[in-house]
Amino acid sequence: MRFSAFPYAFALCITSIFFESSFAQTTSQKPNILLILTDDQGYFDVGACGAKDLLTPNIDKLFSQGMQFTHFYANSSVCSPTRASITTGLYPDKAGVPGVIRTHRQNSWGYLNPDVVTLADQLKSAGYHTALIGKWHLGLEKPNIPTMRGYEFFKGFLGDMMDDYTTYRRHGINYMRENEKEIHPQGHATDVFSRWAVEFIKAQADAKKPFFLQLAYNAPHDPIQPPADWLEKVKNRQPGISDKRAKLVALIEHLDSGIGTVIQALDESGQRENTLIIFTSDNGGKIQDGANNGPLRDGKQSMYEGGLRVPTCIDWPGKVEPGSSTSYKAMSMDLYPTMLDAAGITNQHHVDGVSILPVLHGQQMEDIKRVYYFVRREGGSEYGGLTIQAIQLGNWKLLQNTPFGVQELYNLEEDPYESIDLIESEPVKYAELNKLLMNYIQNGGKSAWQKAD
């Protein structure tokens, strides 16, 4: 029988038109956005980033399906400042949060500027259903509570840390809320937050507008309290592991399992293909808790690379090449304009971050001339209410890791683990970076970080 090309070509044309039409409909939809933010997760405390003694299959799958950022920086080496940068797109001190916000005012080092337009504000105005589940840590009272900063729905923890993962208290105060109502859930905090996220995602399946969900876990922040069965599993698998490391590994593996249930909910509800997923941590891992920052120097609280570089990937089906990687130096504050860009929203407000959407689409972005600034204000005898800070320009980094210590200068290209201080041998480069640093400190000082009496 002779084969006629016409019916085949016609069918191919119709099929092509159908798929082009379907693609146009799909791409015209605003994507759902899921931002998964972990707490104090070390750069190497993810299997995909090099961990050999822990199993994170669900996080690893996000890395394999999306793009890994090998040089992603938190805006600070502690919680609140980085969260402020994600929320506002600004450097932490310009958002009014140079340090950790705490229960007691005499040891609280930030107050989120009530006038700043948040990421949730902008997404909400553009038709998104905005929600925060988990840890907030940017205010304990009005006006700086999630429901007054752009989130239509909040179910989580207002405070800085939990003294216990099952009682959810801090200084004896219950900071668990559903919107503005105090609540008393049952179970391990990681399980509770994962369950609430699953419930939220399933409820959005038939919604007529996209959602933005910021899922912010307390884990693996101390106290290191994994469920007993998860700890037993780790010890049985690795007989020689130390108790300290075993507890942290178990807490992270338990966290990974929770993340897996959330991704599964996206799959089962048919929303996965139109969801942009960002996974990142708020700062480096805490060495004292057994965190693994690999060969990077130091960890949480410090201005060395181990305190600032965090495991990060972005997964967006059909938009981001699976298994891709970039060494572009991005920062937490870049997520704000990137999410707006991805949603097709024109940003009308000043941000310090830059959209990395071109990177996600496989395009090149130059970072050699970009200035990266990091800050942390803290109290106690070690800090005295003063700041520590760092600045990067190209391969050069200038830092002061204690307010009472000397500045240090490193060439990260030649010395990525910050072992050779070049401040004496490179006076010209030191002068250049110090001038930039003073300028950023002055600009940050224009914003109040304390609530007016």
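This is a predicted model: local features need pLDDT of at least 70, side-chain atom pairs count only at pLDDT 80 or more; totals for chains, interfaces and linings use all residues.

Residues are numbered from 1 along each chain as its sequence is written, and side-chain values use heavy atoms, with hydrogens and water left out.

User: Is α2 oblique or roughly parallel to α7?
Analyst: Helices are DSSP runs (H or I, at least four residues), numbered from the N terminus, and strands are E runs of at least two. Helix α2 (residues 57-65) and helix α7 (residues 243-268) have axes 7 Å apart and pack at about 55 degrees. Axes are lines fitted to C-alpha atoms, for helices over the stretch in contact, with angles from 0 to 180 degrees between N-to-C directions. Since angles under 35 degrees count as roughly parallel, over 145 as roughly antiparallel, 65 to 115 as roughly perpendicular and the rest as oblique, α2 is to α7 oblique.

User: Which residues of α2 make the contact with α7?
Analyst: Contact means heavy atoms within 4.5 Å. On the α7 side stand Asp256, Ser257, Ile259, Gly260 and Ile263, and on the α2 side Pro57, Asn58, Ile59 and Leu62.

User: How are α5 and α7 oriented to each other?
Analyst: Helix α5 (residues 189-203) packs with α7 at an angle of about 10 degrees, their axes being 9 Å apart. The two helices are therefore roughly parallel.

User: What kind of pair do the rings of Tyr91 and Tyr373 form?
Analyst: Rings of Phe, Tyr and Trp (its six-membered ring) pair if their centres lie within 6.5 Å; planes under 30 degrees apart count as stacked, over 60 as edge-to-face and the rest as tilted. The centres of Tyr91 and Tyr373 are 5.4 Å apart and the planes lie at 70 degrees, so the pair is edge-to-face.

User: How many residues apart are Tyr91 and Tyr373?
Analyst: Tyr91 is in the loop between α3 (79-88) and α4 (119-125), and Tyr373 is in strand β15 (residues 371-377). The pair links distant parts of the chain, with a separation of 282 residues.

User: What volume does the largest cavity have?
Analyst: On a 1 Å grid over the protein atoms alone, a cavity is a set of points where a 1.4 Å probe fits but cannot get out, and lining residues have an atom within 4 Å of a point. Asp40, Pro220, His221, Asp222, Leu248, Lys286, Asp289 and Ala291 line the largest cavity. Grid points are joined across faces, edges and corners, and a volume is the space filled by probe spheres set on the points. For the largest cavity the volume is about 40 Å³.

Terms used. On a 1 Å grid over the protein atoms alone, a cavity is a set of points where a 1.4 Å probe fits but cannot get out, and a pocket is an open set with protein on both sides within 12 Å along at least five of seven lines; lining residues have an atom within 4 Å of a point.
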